[in-house]
Structure formats: C-alpha cells, structure tokens
Amino acid sequence: MEDTAAAAAEKASSYRYWVREATGDAAPLPVPRKLDPAAAAANGNGNGNPPPLGSVWNQAGTWEEKNLNSWANSRIKDLLGSLGSLEFPTGKASIDEVSKCSGDAFQVTVRNKKRVGYNYELSLRFRGEWLVKEENKKVKGHLDIPEFSFGELEDLELQVRFSDNKDLTSNDKTRICKDLKSFLAPIQEKMRMFEEELKGR
C-alpha cells in the first residue's frame, strides 16, 4: 500500500502540464520585438513570397473584381472633352461635350495577377461650320462610337448623326461626314492615354 502511494506521489510531482509558475527547467518566455515595416513588406506574408494583390481579406489572391466606373466615366469625359477643334478645307468643327458615356470599367485580381478592362459606348456632341452653296452653314450633331472594349482601339468606328440637316444635300452630308471622321485619330489617342492610366490604377 505504501509502495503504491509513493509511486503515485512521484508520478504527481513529475506531471507538470498544469503548472502555472515558471520553474528552472521550463522553456523561457518569448520576448516581443518590433517588426521593421520595410522588412515586413519585402517579406510579404512571411513565406518569402511577394505580398498578395487585392484586398486584405483575399490573401490567397483568388478572384476579386473592383468597380472603376466612377473614375473611368469622369476621366473619359475629361480626356475627350479636351479634343478641341479641327479645321477642314471647307469648314471647321469642335467637340462641345461627351453627351453619352455608358459602360463599365473594372480591375480584376485573379491568381494574384492584376488585369483591367472596360467596355463603353460613347456619343460626342459637335458643332461646326461648312461652306455650303457659297455660304457658311452651321451644322450640329453627334459623333457616335458603338460599343468597344479594352485593346480594340484600332477597330474603333465613328458614326455621324446630324441634329438638323434639312438644307444639306446628300453630297454635302458625305463631305461633312468625311471631314468629321478626322476626329477618329485624336479620339483613339485620348483613349490610349485612358488605357495606360487604367493599367496603372
């Protein structure tokens, strides 16, 4: 009986799972130390990989889409609103405003890679003056750009829609349309700037 009690006492003294006070043979307590922010950023998530793109909640870098419509609409209007005027052999025209800017712009993070894209439909209001039947005729209308997407600027189309063309003959309209399509190159240039800025966001 005494042997059993002694064995139990020895076992109890060697069992330290619930011991709350540090003893001589216990492991030392960890010492907190500050992280260097630059080193932490360079080390990314601690495994040597670069920090993930996208939101904090999306550490795995899976699919995440960010809406950029507000910025894109405003930027397109600013860029195309600054096109100014063009002069032609028998007339001149200027862009008054971007009357329609309909579409979406977005940034997608997928597999920790960032991609951007957009699709838009635009209409620019123009006004101009052409020599028609030996007198200067004021002409107003819209330059419509059907839906286009990121990377499709070379295939951009420009359609001319006149607001009031009662006094214009078919030949006059053809000539004026040809002149107005000269706005295509400056529009493409402004949209290239937009695409570069979009990629940098």
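1. The largest pocket. In this predicted model, three strands each supply at least two residues of the lining of the largest pocket: S3 (91–110), S4 (113–132) and S5 (135–149). The space in the pocket comes to about 180 Å³.

2. What lines the pocket. The lining residues are Ser 85, Lys 92, Ala 93, Ser 94, Arg 127, Gly 128, Glu 129, Lys 138, Val 139 and Lys 140. Sorted by class, five of the lining residues are charged, three are polar and two are nonpolar. A student can find each of these residues in the structure above and check which strand it belongs to.

3. Overall layout. The protein has six strands and five helices. In sequence order the elements run α-α-β-α-β-β-β-β-β-α-α. Of the 201 residues in the protein, 28% are buried. Among contacts with a separation of 6 or more, 62% are between residues 24 or more positions apart.

4. Glu 121 and Lys 100 meet through their side chains in a salt bridge, at 2.9 Å from N to O. Here too distant parts of the chain are linked: Glu 121 is in strand S4 and Lys 100 is in strand S3, 21 residues apart. Glu 121 is partly exposed, with a relative accessibility of 31%. Lys 100 is partly exposed as well, with a relative accessible area of 36%.

5. Arg 175 and Asp 172 form a salt bridge in which the closest N and O atoms are 3.4 Å apart. Both residues lie in helix H4 (residues 170–180), where they are three residues apart, about one turn of the helix. Asp 172 counts as buried because its relative accessibility is 10%, and buried means under 20%.

6. A linked group. Glu 154, Glu 189 and Arg 192 are connected in a network of salt bridges.

7. Which residues of H4 are buried? They are Asp 172, Ile 176, Asp 179 and Leu 180. Seen down the axis of H4, these buried residues fall within an arc of 95°, so they line one face of the helix. The face turned away from the buried side carries the exposed residues Ser 170, Asn 171, Thr 174 and Lys 178.

8. Strands S3, S4 and S5 have already come up, as suppliers of the lining of the largest pocket.

9. His 142. This residue sits in strand S5. His 142 is buried, with a relative accessible area of 16%. Leaving out residues up to four places away in sequence, His 142 touches Ser 99, Ser 123, Leu 124, Arg 125, Phe 126, Gln 159, Val 160, Arg 161 and Ser 163.

10. Ser 74. This residue is found in helix H3 (residues 69–81). Ser 74 is partly exposed, with a relative accessible area of 39%. How far is the C-alpha atom of Ser 74 from that of Cys 101? The two C-alpha atoms are separated by 9.1 Å, while the residues are 27 apart along the chain.

Methods
Residues numbered from 1 in each chain as written. Predicted model: local features only at pLDDT ≥ 70, side-chain atom pairs only at ≥ 80, totals over all residues. Heavy atoms only, no water. 1 Å grid on protein atoms, 1.4 Å probe; cavity = no way out; pocket = protein on both sides within 12 Å on 5 of 7 lines; lining within 4 Å. Points joined across faces, edges and corners; volume = space filled by probe spheres on them. Helix = DSSP H or I, 4+ residues; strand = E, 2+ residues; numbered from the N terminus. Nonpolar A, V, L, I, M, F, W, Y, C, P; charged D, E, K, R; others polar. Salt bridge = Lys/Arg side-chain N within 4 Å of Asp/Glu carboxyl O. Buried < 20%, exposed > 50% of the residue type's maximum accessible area, 1.4 Å probe, protein only. Arc of directions from axis to C-beta. Contact = heavy atoms within 4.5 Å.
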